Amino acid sequence: MDISLSSLSILLLLAVTAVSAEFRVSSQDIRVHLNNDTQFYLYSTEKNRTENVEVFFESQHDDLVRTDPAHFIAKKNEYNWTIKILGIKPGYVTVTTNITGIDPSNFSEAFVRVTVERSEILYNISSVVGWIYFLAWSISFYPQIYTNYKRKSVIGLNFDYLSLNLVGFIMYALFNCGLYWIPEIEQEYFSRYPKGLNPVQVNDIFFALHAVIATIVTIFQCFIYETGSQRVSTIARLIHGVFSSFVLMSMILALYNTIQWLDFLYYCSYVKLAITLIKYVPQAFYNYKRKSTVGWSIGNIFLDFTGGILSMLQMILNAYNYDDWESIFGDPTKFGLGFFSVAFDIFFLIQHFVLYRDRTDYIEISGGCNEHRQEDNISCGTSEA
């Protein structure tokens, strides 16, 4: 029954796709549990082969997986074969096909990316953790928007932080949308990484575009609500100037084919990384100068803290499940950025609940008088900021 279904699947696939390679596989991405096996199907799209060929399977790490058979003779009148994969050690490996007497271009797509995992439970936990931190980060924008709406004021929200956040998310959205939706750029990626996966998923696009829209809504509030004397600082303007020049020069280089558009998107992502490292500093310093966190939503911080902790937890779970600690210690950028964000969240929590917990809300008024708000009591006195 399984053989019949697999044969039918292969025939349907051949019927609806234009195939250029003679040998292909039923799936290029396979998960297998440690010390267990799974299978995929190798099939031939050429119906007029005149001779038998010998098929070999090779991988970069022979200690991670084993194929059964490791090699076989593909007879000229056979067109599909069942191949078993046994997971020996946790990790990631690509198994490629090598066929004697055949032009390599005819089996260039006959490869599988295999993930050997210790535990299905850990995989499911990691998936749940991933969705929770995705939701936490997605809704983390709304407490600040609600706080601004409720107070009819954006005093307490640093404009440098807000402007850096907008630029960072625009760069992130450009990277995700360009790599996911523009076929030419996606092809550049696959030309550079022939056996790679597109790193951008639909949820990445949703998060990036949603973040841009939510940040724009927050900036719009700055035009309709009380702002006091806040402005985007000269330092922030200089930083924006540096980033804008870098992105503009990269775009010009891409237009003149000096670099590929894929490189331009990577440069946009580098700007996003740089902004993530510095964007919290203006808000933290602003709170320090005011000796208050009023107007800076602590709900936003709780959600960001939750997302950051769960993001790092997922990385640790995956590193253990796939024995891939190099993803953390070999390339610490993502983990380091998550840790950096969490560290600032902790600092903001200390500012809110320890250092400045007794400070009252205030609105700067021209003429030097400040209204201090505490619950329903309003008084006019000197500024404490």
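**Salt bridges and a capped helix**

Select Arg118: its relative accessible area is 34%, which makes this residue partly exposed. Buried here stands for under 20% relative accessible area and exposed for over 50%, with partly exposed in between (1.4 Å probe, protein chains only). The model is predicted, so local features need pLDDT of at least 70 and side-chain atom pairs count only at pLDDT 80 or more, while totals for chains, interfaces and linings use all residues. Residues are numbered from 1 along each chain as its sequence is written, and side-chain values use heavy atoms, with hydrogens and water left out.

A salt bridge is a side-chain nitrogen of Lys or Arg within 4 Å of a carboxyl oxygen of Asp or Glu. Helices (H or I, at least four residues) and strands (E, at least two) are DSSP runs, numbered from the N terminus.

The structure has 7 salt bridges. For another of them, select Glu109 and Arg24, whose side chains meet at 3.0 Å, N to O. Glu109 belongs to the loop between strand S8 (91-99) and strand S9 (111-117) and Arg24 to strand S1 (residues 23-25), so this pair ties together parts 85 residues apart in sequence. Arg24 is buried at 18% relative accessible area, whereas Glu109 is partly exposed at 29%.

Next, select Glu117 and Arg31. Their salt bridge has its closest N and O atoms 2.7 Å apart. With Glu117 in strand S9 and Arg31 in strand S2 (residues 29-33), the pair ties together parts that are 86 residues apart in sequence. Glu117 is buried, at 0% relative accessibility; Arg31 is partly exposed, at 36%.

Finish at helix H4 (residues 159-181). Its 23 residues reach 32 Å from first C-alpha to last, close to the expected 33 Å; the expected span is 1.5 Å times one less than the number of residues. Of the 23 residues of H4, 17 are buried, so the helix is largely enclosed by the rest of the structure. At its N-terminal end, select Asn158, the cap: a side-chain oxygen lies 2.9 Å from the backbone nitrogen of Asp160.

Definitions and conventions. Polar contact = N/O pair within 3.5 Å; in protein donor to acceptor, adjacent residues only side chain to side chain.
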